[in-house]
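These are my notebook entries on one structure. I wished to record its strands, its disulfide and the packing of its helices.

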Amino acid sequence: MTFSAILGLVAFNLVLFGVGATSLYAIRGLRSWNELVRLAGVAYMLGVALTGIVFVFELVVGLSPSLGVILTTAAVLTLAALAVGNRLGRPRPGGRLTLGRISLTGATFGAAFIVYAEALFRSGRLAGLYEFDGWGFWVPKGLAVYFLGGLDRQFFSTLPGPSYPPVVPAYEAGAFHFMGSPDVVTLHLQFWFFLVGFATAVVGLLSRRAHSLFLWPPLLVLLVAPQVLSHSLQATGDILLDELLALAALLVALWLGDQASWRLAGAAVFLGAAMSVKREGYAMAACVVLAALIVSRRQRRTAWPRLALCGAVAVGLTIPWRLLLVARDLPGGGPEAGGIGLFSHLDRAWPSLRLALSTVFDFDIWLVVGPLALVAIALALLAGPRSLAEYGLLLSVLSLAALTWTTWAFPSYPISKEPVLNPIVRLTGSLAFMATVLVPGLLAGTWASATKGSDA
Amino acid sequence: VKRLLPWIVLVTAALAYPLVVVAGGRPHFPTRHECVHPARTDGNIEAVFAHLPTTAAAESLQQRATRAGFQNMEVQPDGCGLFKVTLHGIPTLAVGRDFVREAQSRGFHPILEQEKP
């Protein structure tokens, strides 16, 4: 643990931001430098998602994310994004960076977030590698990529989770290269960058749509939830998966409102990256797309082909890894009970649903994230933006079904919240994150409808 | 001023926390020496002959100590990336000091450390 290791990580993440910023320019354009600052979190997370997907492609064909490969990859992605943006005539940031106007309420919440992030950084810079999955296989895989220069056939087939795509190990190896050594302590700060990137992305996307009072409290409640505090910096794929899924779900929600095509392009990248982090990503990504398909049924002629394309692109981005699994004769990571095995274990259905529900609403795990989302959806259904409320409800119901399935389809998992016995606590993170990022829009929309009604 | 006030709040918060933390001293990075806890009280004492960077070096020292008559020496990770060559089970500081004197007479320089759980 040295300052140079931290500086190395900063450099690594600046590279990711550079890739993401130019990618954002390519898919939507950036009208001003202030707009780039507002969407800096989105740009960074887009860079994380895109670069992660490319890392997997490179590992599949035998290229390891060494310092040279990472810099070359970033340069190629950046130049390609600039060329695409130029070709499509995207607006370029112009003018000077100015001090934007923010409310005192927003600044107060923002200040709370900054202190939170600083405190989390402080705890992360000396965090030990204690999480079982972290030292059990996520970090060993990263170390294998770093030391052995790729996906060692024997090592990756014998460790737990051989079907998990190597986005997180690739990031860990990349971080080791930029830090100058396989520093598994400082490595925790890489996950700090992911969390801060996620939070600033949500704020950037919603700051013009929701008042600070609707935007910040739900986000801060999520960030201080025990599960996030204890796991957000752990060197595993769980929270990164939640962050990517939540950003995809938010972009799809915003797309349902304004049909801006860049949002679906971004969502496709985030969904593809989520599916490249953990196998659960497939089920949750399907929930996002399915919920959007149902909500957009009235505009199916225009909306469905785009949503189908978004889903297809996201799945397509994971095909190289699936091909490698087949080529190496590795398990695909399907359910333990098999295709129709659920019917042999019907007695597990209700306990599995009850476990999923009680975990999402467990105060000691997620504080009031679940009830808050439920209230926001109910209020919006009664007097707010109906399509967003329907989307939130469908996404929650479908995600709960998927969470139920994860326990039901794996008969070896006992009905328990004990992390070493059943991963349900970690899995509910996807729903908690996705539901939270929808709350500001739901509340702001309901408030707007209510005040408009009373004005009239 | 009204326009600047929110920014002042943000910058103040951003600076206040690190300043308060740094007021208690510069950021401190642990070193490998912090895995060494000199023995100060009786109980849970071990005589550590050395903290070495490789198992090979540690095992070589262990063999040399065994040949010199020190039985039950063990090689263990010290929790800070090094390997210690150690003898557990020393009951008191007095017994430990006798042991150190004897080891020094045979060319070794063990240090009495308090075993931490």
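The entries below take chain B and then chain A.

**Conventions.** I worked from a predicted model, in which local features need pLDDT of at least 70 and side-chain atom pairs count only at pLDDT 80 or more, whereas totals for chains, interfaces and linings use all residues. Residues are numbered from 1 along each chain as its sequence is written, chains are lettered from A and ligands numbered from 1 in the order in which they are written, and side-chain values use heavy atoms, with hydrogens and water left out.

**Entry 1: the sheet of chain B.** I first looked up the strand order. Helices (H or I, at least four residues) and strands (E, at least two) are DSSP runs, numbered from the N terminus; two strands pair if DSSP finds at least two bridges between them. I found an open sheet of four strands in chain B, ordered E2-E3-E1-E4 with antiparallel pairing. E2 and strand E4 (111-114) of chain B each have a single partner strand and stand at the edges, so one side of each is left without a neighbour in the sheet. From one strand to the next the twist averages 45 degrees. Axes here are lines fitted to C-alpha atoms, for helices over the stretch in contact, and angles run from 0 to 180 degrees between N-to-C directions.

I then went through the pairs. Strand E1 (residues 45-52) of chain B is joined to strand E3 (residues 83-90) of chain B by six bridges in the antiparallel sense. Ala50(B) has Val85(B) in E3(B) as its bridge partner, and Ile45(B) stands opposite Ile90(B) in E3(B). Strand E2 (residues 74-77) of chain B pairs with E3(B) over four bridges, also antiparallel; here Pro77(B) has Phe83(B) as its bridge partner. E2(B) and E3(B) form a hairpin with five residues between them, and Gly79(B) in the turn has a positive phi of about 90 degrees.

I also noted helix H2 (residues 55-67) of chain B, which lies across E1, E2 and E3 of chain B and runs at about 130 degrees to E1(B).

**Entry 2: the disulfide.** How many disulfides does the structure hold over all chains? I found one, taking a disulfide as a pair of cysteine sulfur atoms within 2.5 Å. Cys35(B) and Cys80(B) form the link, with their sulfur atoms 1.8 Å apart. It is right-handed, with 70 degrees about the S-S bond. The pair links distant parts of the chain, 45 residues apart: Cys35(B) lies in the loop between helix H1 (5-23) and E1 of chain B, and Cys80(B) in the loop between E2 and E3 of chain B.

**Entry 3: H9 and H10 of chain A.** Helix H9 (residues 188-206) of chain A packs on helix H10 (residues 212-223) of chain A at an angle of about 165 degrees, with their axes 11 Å apart. The two are therefore roughly antiparallel to each other; angles under 35 degrees count as roughly parallel, over 145 as roughly antiparallel, 65 to 115 as roughly perpendicular and the rest as oblique. Contact means heavy atoms within 4.5 Å. Residues making this contact include Leu195(A), Phe198(A) and Val202(A) of H9(A) and Trp216(A) and Leu219(A) of H10(A). By class, I recorded eleven nonpolar, no polar and no charged residues. Ala, Val, Leu, Ile, Met, Phe, Trp, Tyr, Cys and Pro count as nonpolar, Asp, Glu, Lys and Arg as charged, and the others, Gly among them, as polar.

I checked one residue of helix H10 of chain A, Val221(A). Leaving aside its neighbours within four places in sequence, Val221(A) is in contact with Leu367(A), Val368(A) and Val369(A).

**Entry 4: H12 of chain A.** Are H9(A) and helix H12 (residues 238-258) of chain A parallel or antiparallel? Their axes come within 10 Å and cross at roughly 10 degrees, which makes H9(A) roughly parallel to H12(A). Among the residues that meet are Phe194(A) and Leu205(A) in H9(A) and Glu243(A) and Leu250(A) in H12(A). This contact divides into 13 nonpolar, no polar and one charged.

The axes of H12(A) and helix H13 (residues 261-275) of chain A come within 8 Å and cross at roughly 160 degrees. That makes H12(A) roughly antiparallel to H13(A). Their contact includes Trp255(A) and Asp258(A) in H12(A) and Trp262(A) and Arg263(A) in H13(A); by class it has 16 nonpolar, two polar and two charged residues.
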